[in-house]
Amino acid sequence: AWICPGLAIVSYLVATRRLRELARWEVLAGVAACLAVASPWYLLLLKQGRADVVVEAVFRQNVERFVNPWDHEAPFWYYLQYFWVDMAPWAFLVPLAVGLPRKNEGERRLALLSWLWIATIVVFFSLSRSKRSPYILPIAPAVALLAGEVALAFVTGRLGLERRTWFLRVAGALCGGFVVGGAVILAGALLRLHETGAIPVAFLGLTALVAGVLVAFDLLRERTRVAAPFSLAVATLVVYLAAGGVTLPALDAYKSARAVCEQVGRLVRPGDDVVSYGFWKWRAEYSYYLGRPITNLTDPEVLREAWGGPRRIVLFVEAARLESARQVIGDADPVLTGLVGRGTIYVFTNRQPLESRGGEPESRAISKAGTR
């Protein structure tokens with residue numbers, strides 16, 4: 001949040017020979033405001049003796065991940081690929097903004113700022129050994145500025161013949177992407193209507209298909225072709241709303257621990273201890289979706305003591321630690337097995353709960369209903 005704006009602003013001031021602007025009182029006031037907003041959280045953690053959280057958030061997840069990552073390692077050209085994916089569809093209009101005739105100094109400076117905004121952030125994160133596409137999300141406003149400049153020039157008739165032709169080619173390709181992609185998604189979902197989540201996916205496919213057809217309607221007619229940027233913007237908006245408002249939330253149960261935790265919540269009884277074995281220290285989604293803290297056990301002897309103790313425990317074990325856990329809990333059958341993203345989670349208990357209303361142990365009933 002500090003580095004990305006800093007890269008864009010400082011590089012722009014260097015390019016325009018205005019570094020002295022950094023000494024203006026407005027800049028200093030902005031820095032003070034940022035410190036005032038951010039610092040209480042860190043100070044409270046330090047006061048409570050949680051320096052480990054500060055080190056994790058500030059150093060390990062930033063500096064160490066940048067120079068010596070433990071995951072998400074990718075080659076330097078990673079963002080040259082994902083720029084087009086994550087900034088679609090507007091990224092495909094950005095090359096047309098190169099050398100675009102501009103009316104005044106203000107427009108030229110805004111374009112320069114936008115190019116430096118994109119370049120410095122992409123280069124900075126390309127130097128990092130750990131790479132994920134969300135890291136360059138801060139360039140989205142600059143991409144929108146350059147793409148919007150091209151779209152506005154098209155609408156007002158200020159694009160030259162060659163650029164106008166390329167604009168129509170790009171718009172036509174994006175339109176085809178909406179139509180073909182929507183049709184494929186819709187057809188695939190209709191073939192799997194028996195599966196949970198098929199209807200929200202089908203809705204996304206139908207939305208993309210209809211949106212693409214509407215864009216094509218404008219592109220194929222000479223008198224409405226000038227409205228193509230608007231129809232393309234509306235098509236993008238409705239597809240994003242369909243994905244973010246309907247499809248992705250419906251698929252959250254398959255990506256997150258929500259579905260598993262909802263079932264575990266029905267299994268847990270007052271007085272039970274909910275624990276995990278060998279979880280990553282900062283893994284919080286299980287506690288979040290379960291709505292209660294989970295004690296993470298890392299020592300097999302501590303697990304042995306809890307498993308054989310007087311209290312009933314509900315134990316989360318991920319697939320990677322299952323063999324280690326079985327050296328303590330033996331061949332106990334999981335009361336629940338679930339998928340969380342690409343991984344498998346196993347839930348065990350050392351005591352059977354009370355009988356369910358149907359006369360069958362409730363843990364077994366939940367397992368039958370919820371196991372995937």
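Mentor: One definition before we start. Ala, Val, Leu, Ile, Met, Phe, Trp, Tyr, Cys and Pro count as nonpolar, Asp, Glu, Lys and Arg as charged, and the others, Gly among them, as polar. Also, this is a predicted model.

Trainee: OK. By class, what does the lining of the largest pocket have?

Mentor: Its lining has 14 nonpolar, four polar and one charged residues.

Trainee: And how much space lies in that largest pocket?

Mentor: About 690 Å³. The lining has 19 residues, and Ala1, Trp2, Ile3, Val58 and Asn62 are the closest to the centre.

Trainee: Which elements give two or more residues to that lining?

Mentor: α1, α2, α3 (51–67) and α5 (105–127).

Trainee: Which one gives the largest share?

Mentor: α3, with six residues.

Trainee: Switching to the surface. Which residues make the nonpolar patch?

Mentor: Trp2, Ile3, Ile9, Val10, Val14, Leu19, Leu22, Val27, Val31 and Leu35. The patch covers about 820 Å². Two elements, α1 (3–15) and α2 (25–47), each give it two or more residues.

Trainee: Where does the largest share of the patch come from?

Mentor: From α1, which gives four residues.

Trainee: Take Val31. Which helix is it in?

Mentor: Val31 sits in helix α2.

Trainee: Why does Val31 count as partly exposed?

Mentor: Because its relative accessible area is 36%. Buried means under 20% and exposed means over 50%, so a value in between is partly exposed. Patch residues need over 30%, and Val31 has 36%.

Key
Residues are numbered from 1 along each chain as its sequence is written. This is a predicted model: local features need pLDDT of at least 70, side-chain atom pairs count only at pLDDT 80 or more; totals for chains, interfaces and linings use all residues. Side-chain values use heavy atoms; hydrogens and water are left out. Patches are made of residues with over 30% relative accessible area and no salt bridge: like charges are joined within 9 Å, nonpolar side chains (Val, Leu, Ile, Met, Phe, Trp, Tyr) within 5 Å. Accessible areas come from the Shrake-Rupley method with a 1.4 Å probe; for residues, only the protein chains shown count as cover. A salt bridge is a side-chain nitrogen of Lys or Arg within 4 Å of a carboxyl oxygen of Asp or Glu. Buried means under 20% relative accessible area, exposed over 50%, partly exposed in between (1.4 Å probe, protein chains only). On a 1 Å grid over the protein atoms alone, a cavity is a set of points where a 1.4 Å probe fits but cannot get out, and a pocket is an open set with protein on both sides within 12 Å along at least five of seven lines; lining residues have an atom within 4 Å of a point. Grid points are joined across faces, edges and corners, and a volume is the space filled by probe spheres set on the points.
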